[in-house]
Every structure is written in C-alpha cells, then in structure tokens.
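Subject: Structure for you to look at

Hi there,

Here is the structure I promised to pass on, along with some notes on its aromatic rings. Could you open it and follow along as you read?

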Amino acid sequence: MEGANWKVTDQEAGPSSSSSGIAPSKQQNPHRKEVEEEEETEEEEEEDVDHHKNSTFVPGPLLSLKDQIERDKEDESLRRWKEKLLGCLESDLDGQIDPEVKFHSIGIISEDFGEVITPLNVDGSPNGHILFTLREGSHYQLKLKFSVLHNIVSGLTYCNTVWKGGLQVDQSKGMMGTFAPQKEPYIHALKEDITPSGVLARGVYSAKIKFEDDDKRCHMELKYSLEIKKR
C-alpha cells in the first residue's frame, strides 16, 4: 500500500525522468524556506537598527537666551517675537546658560482655613516651625510662587515626602512643566490631596519637598512641618 501511494504522488507531480528524458526539478523543503525567510527578516531588522543608530538625533550645545536672541538680531520682527514668546527683554538676560528657579513663597489652600501664605527666606528655609495647620479629612493644595532666571527650565518636577514619628507616611510626585524667564513670577498650585482621619492621624508631621528639572538640577529642597487637628 505504501508503494501505491508513492506512485499516485509521482503521477500527480508530473511525468518521470524515464518518460520525458528530462531530470525532475528539485522541490524546495518548506522548512528550509521558512529558515531562509527568518534569516532575511533578521538581516533587515539589523539594517534598520544600524540605520537608526547612525541617524540618532544629537542635540546641539545649550545656548543662553541672550545668545539665541542675538543670533537673529538683524531681524527686528523675529527678535521681538522671541522676546514676546519668552516674556523677557534682551536687557534682562545676563548670558548665563544654566536656568535658575527662585522660590518666593509657599502656601496652602484648604477648605477649613482658606489660603495661608508663608514667605521663604533667601536660603529657602522656613526655620523649621509649623507652616500649616489642617483639619483631619480635609482637602488641600500646596501653592508656590517662583521666578525663572537666565534660561528656560525644562521639566520641572516636585517630590513631597511626609514623615510622622520617624516613619514615612506619604510621598507624592508630579510634573509642574516647562517655564521660560519672565518679569512676573509664576504662581502654581500642586495637585489636590486629602489629610488622613482618625485619632492616630492627628499630630505634627515633618515634610520635605524637592524641586528638580530634566537635567536633575535641584532648585530647592525645603523642609517644613504641618499639624493635623481634630475636625
């Protein structure tokens, strides 16, 4: 029976070499074909990776805003457009490349006590006293007033960590955004949070809030305290 099956297969494939005088063509192994296709795909992927490596964008050197404005100084309309976009004048720039964020005050907005603003000293320290008092289970937001100097600060973020009795009880992080130098200070409120509730939640907490940009420059690290009271 096996021989009969083989004969049927040969007949379906076409005339044999003995009848036609022509040697039969070799049939390609399907498995071999799959292997070759995989090798071709891998070669194409390697070429794409090499092309991507060669075409990777390399940013140019960081320039001060003053240098950027002076590049188009002969084009009065373009220069004015840049100054309007940046919110500053060429006379306000000193040519410094690295941006600087100067914080003027930190405040808190709550449903129980309204808005409380605390000015910051030159060194950014509130002298360790209790800045804010909140009720348990209340909604609140931290509010900041700051200026940006010298250059654009990109990707300014914050990290606020809270401890009680030496144990970390909360940490919140967020993106504030990208800010250009301007004459008027920025006022920015962080995302809303809720104080904990219960007997164990009441008391004094220590906290630290840190501000960094995309280049990991720390623009301020502020330690402060807050108190949660019974509602």
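**Aromatic pairs**

Let me begin with Phe146, which counts as buried, its relative accessibility being 0%. Please keep in mind that this is a predicted model.

How many aromatic pairs does the structure hold? There are six. In one of them, Phe146 partners with Phe103. Their ring centres are 5.5 Å apart and the planes make an angle of 45 degrees, a tilted arrangement. Phe103 comes from strand β1 (residues 100-110) and Phe146 from strand β4 (residues 139-149), so the pair links distant parts of the chain, 43 residues apart. Phe103 is buried as well, because its relative accessible area is 8% and the cut-off for buried is under 20%.

The next pair to look at is Phe132 with Tyr224, and here the geometry is edge-to-face: 70 degrees between the planes, with 6.0 Å from centre to centre. Phe132 sits in strand β3 (residues 130-135) and Tyr224 in strand β10 (residues 218-229), so this pair ties together parts of the sequence that are 92 residues apart.

One last thing to find on your screen: ring pairs join Phe103 and Phe146 with Phe179, Tyr186 and Phe211 in a cluster.

Enjoy exploring, and write back with any questions.

Best wishes

Notes. Residues are numbered from 1 along each chain as its sequence is written. This is a predicted model: local features need pLDDT of at least 70, side-chain atom pairs count only at pLDDT 80 or more; totals for chains, interfaces and linings use all residues. Side-chain values use heavy atoms; hydrogens and water are left out. Rings of Phe, Tyr and Trp (its six-membered ring) pair if their centres lie within 6.5 Å; planes under 30 degrees apart count as stacked, over 60 as edge-to-face and the rest as tilted. Helices (H or I, at least four residues) and strands (E, at least two) are DSSP runs, numbered from the N terminus. Buried means under 20% relative accessible area, exposed over 50%, partly exposed in between (1.4 Å probe, protein chains only).
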